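Reader: I'm new to this and would like a close look at one part. Could you walk me through how the strands pair up?

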Amino acid sequence: MKTVCVVGMLLLTGMFGSAEAQMFQTVEPDQAQLLQTGPGKFYCPNCGMNLVKFYKTSHAVTQPDGPIHQYCSLHCLVEANPGSLAAARVVDTGTLNFINTSDATYVVGSNKPGTMTMKSKYAFADQAAAEDFAAANGGELVDFATAASIARGTLAMENLKIDEKRSKMAVKGQKIFEGMCQEVEFPEFASIAEAKIYLVESDACGPLK
């Protein structure tokens, strides 16, 4: 099981949107606000994707035990947090600052790429900015509750598609693991982000890109 986890980590970063050198969701590192802390702060705790690369769709919420978790997408936020999301925050696509989701207007289904979903969801603090974005890129304007409901309703279908991609890439991951990773006992990981940090810092698999 540990081997499977590590094999998956070798490939997760490049699974989505790799065809574009600079995706719409991506910002410069100094433009991204990371609310979570620790060695895994750059990675979504649910799927392990890079939060700077997928910053414009980032969401965050404080966990019941205290720490803030920051997610790459609304998909990952609702998947990892089945309870109330009244205190959740989201990146304003216009200003790149975090705002309360209760104050956000979402544009759902624009022609801009989605993160962990085929139906993109971008949030705006200013409704007029959301209207301009929708006029230029398509999509409908909804509040957070509606956007979250849409995300929850498509989780199962989206996860099937994600699993299909992962299963195909696992074959390549197995070859990388067998060719580059040392035969060591890997520790237990509490999240995908922890596994990614371990691979980078332990050098167990050599100089991975």
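**The sheet, strand by strand**

Author: Let's start with a pair: strand 1 (residues 59-62) and strand 2 (residues 68-71) run antiparallel and are joined over 4 bridges. Helices (H or I, at least four residues) and strands (E, at least two) are DSSP runs, numbered from the N terminus, and two strands pair if DSSP finds at least two bridges between them. Keep in mind that this is a predicted model, where local features need pLDDT of at least 70, side-chain atom pairs count only at pLDDT 80 or more, and totals for chains, interfaces and linings use all residues. Residues are numbered from 1 along each chain as its sequence is written, and side-chain values use heavy atoms, with hydrogens and water left out.

Back to our pair. A60 has Q70 in strand 2 as its bridge partner. Strand 1 and strand 2 make a hairpin, with 5 residues between them. In that turn you'll find G66, which has a positive phi of about 120°.

Strand 1 has another neighbour too: it pairs with strand 3 (residues 89-91), again in the antiparallel sense, over 2 bridges. Here H59 has V90 of strand 3 as its bridge partner.

Now zoom out a bit. An open sheet is formed by 4 strands in the order 2-1-3-4, with antiparallel pairing. Strand 2 and strand 4 (98-100) are the edge strands, each pairing on one side only. From one strand to the next, the twist averages 25°; for such angles, axes are lines fitted to C-alpha atoms, for helices over the stretch in contact, and angles run from 0 to 180 degrees between N-to-C directions.
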